[in-house]
Amino acid sequence: MYRSGAFVAEHCSPVSSDQVQPNGLDLTLGTVLEQVSRGRIAREGKTVGDREECDPREGPDTDVFRLEPGGYVLRYAETVGIPEDHVGFIYPRSSLMRNSCMLNTAVWDAGYEGKGEGLLQVHHPVDLERGARVAQLVLARADHEGTYEGSYQGENL
Ligand SMILES: O=c1ccn([C@H]2C[C@H](O)[C@@H](COP(=O)(O)OP(=O)(O)OP(=O)(O)O)O2)c(=O)[nH]1
């Protein structure tokens with residue numbers, strides 16, 4: 001059973017009231033990265049390739065990533081802590097899809113804490129402003145053995 005957005009908000013920071021949705025919490029855009037070197041997924045272990053932060057168009061009121069079609073790594077602005085007895089899932093904001101973009105995500109494990117990342121597919125040029133709501137985190141009650149102790153624990157804090 002999914003928990004309420006108010007419950008999810010208790011496990012993320014910083015959060016403002018306009019991010020709290022009935023069934024989840026909207027996460028906002030922290031930054032956009034472009035991978036510049038080869039990664040490796042092996043039978044034993046893995047390596048994440050180097051990434052470079054995309055240059056937002058800076059201005060007095062703007063902080064906008066002007067993205068051309070391609071694949072990017074999107075980092076969320078909020079620190080998320082997945083509580084014990086729960087599992088997290090992220091869904092893209094539908095306005096992203098309506099603009100020919102997609103956010104691909106994986107499982108968020110009980111005990112994980114950090115500023116997570118997702119794969120942003122851009123199929124048509126788009127402008128994304130830092131701090132804009134791009135995704136929704138939902139939490140479901142879940143059984144588990146142990147808690148997250150992988151290599152991304154505490155990332156980007
Ligand atoms: O879309 C997602 C999904 C998960 N995570 C975070 C939360 C999750 O708990 C952690 C690790 O994810 P996963 O277990 O899939 O990583 P892995 O590739 O198996 O690496 P490791 O074995 O080091 O955990 O990354 C994200 O940042 N983005």
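Which strands each supply at least two residues of the lining of the largest pocket? I started there, keeping in mind that this is a predicted model.

**Entry: pocket lining.** I found β3 (40-41), β4 (46-47) and β13 (117-122), each giving at least two lining residues. β13 holds the largest share, with three residues. I then looked up the space itself: the largest pocket has about 630 Å³. Its lining runs to 24 residues, and the closest to the pocket centre are Ala 106, Glu 117, Gly 118, Tyr 152 and Glu 155. I sorted the lining by class and got 10 nonpolar, eight polar and six charged residues.

**Entry: ligand.** Where is the ligand? I noted that the largest pocket is the space the ligand takes. I listed 14 residues around the ligand, and Lys 46, Asp 109, Glu 117, Tyr 148 and Ser 151 come nearest. The shell divides into six nonpolar, four polar and four charged residues.

Entry: I checked oxygen atoms of the ligand against side chains. A polar side-chain atom of Lys 46 sits 2.5 Å from a ligand oxygen. For Asp 109, a side-chain N or O atom is 2.6 Å from an oxygen of the ligand. For Ser 151, I read 2.6 Å between a side-chain N or O atom and a ligand oxygen. How much of the ligand does the protein bury? The ligand alone exposes 590 Å², and the protein buries 72% of that.

Definitions and conventions:
Residues are numbered from 1 along each chain as its sequence is written. This is a predicted model: local features need pLDDT of at least 70, side-chain atom pairs count only at pLDDT 80 or more; totals for chains, interfaces and linings use all residues. Side-chain values use heavy atoms; hydrogens and water are left out. A residue is near a molecule or strand if one of its heavy atoms lies within 4 Å of it. A polar contact is a pair of N or O atoms within 3.5 Å; within protein, one must be able to donate a hydrogen and the other to accept it, and residues adjacent in sequence count only if both atoms are side-chain atoms. Accessible areas come from the Shrake-Rupley method with a 1.4 Å probe; for residues, only the protein chains shown count as cover. On a 1 Å grid over the protein atoms alone, a cavity is a set of points where a 1.4 Å probe fits but cannot get out, and a pocket is an open set with protein on both sides within 12 Å along at least five of seven lines; lining residues have an atom within 4 Å of a point. A molecule sits in a cavity or pocket if more than half of its atoms lie within 2 Å of its grid points. Ala, Val, Leu, Ile, Met, Phe, Trp, Tyr, Cys and Pro count as nonpolar, Asp, Glu, Lys and Arg as charged, and the others, Gly among them, as polar. Grid points are joined across faces, edges and corners, and a volume is the space filled by probe spheres set on the points. Helices (H or I, at least four residues) and strands (E, at least two) are DSSP runs, numbered from the N terminus.
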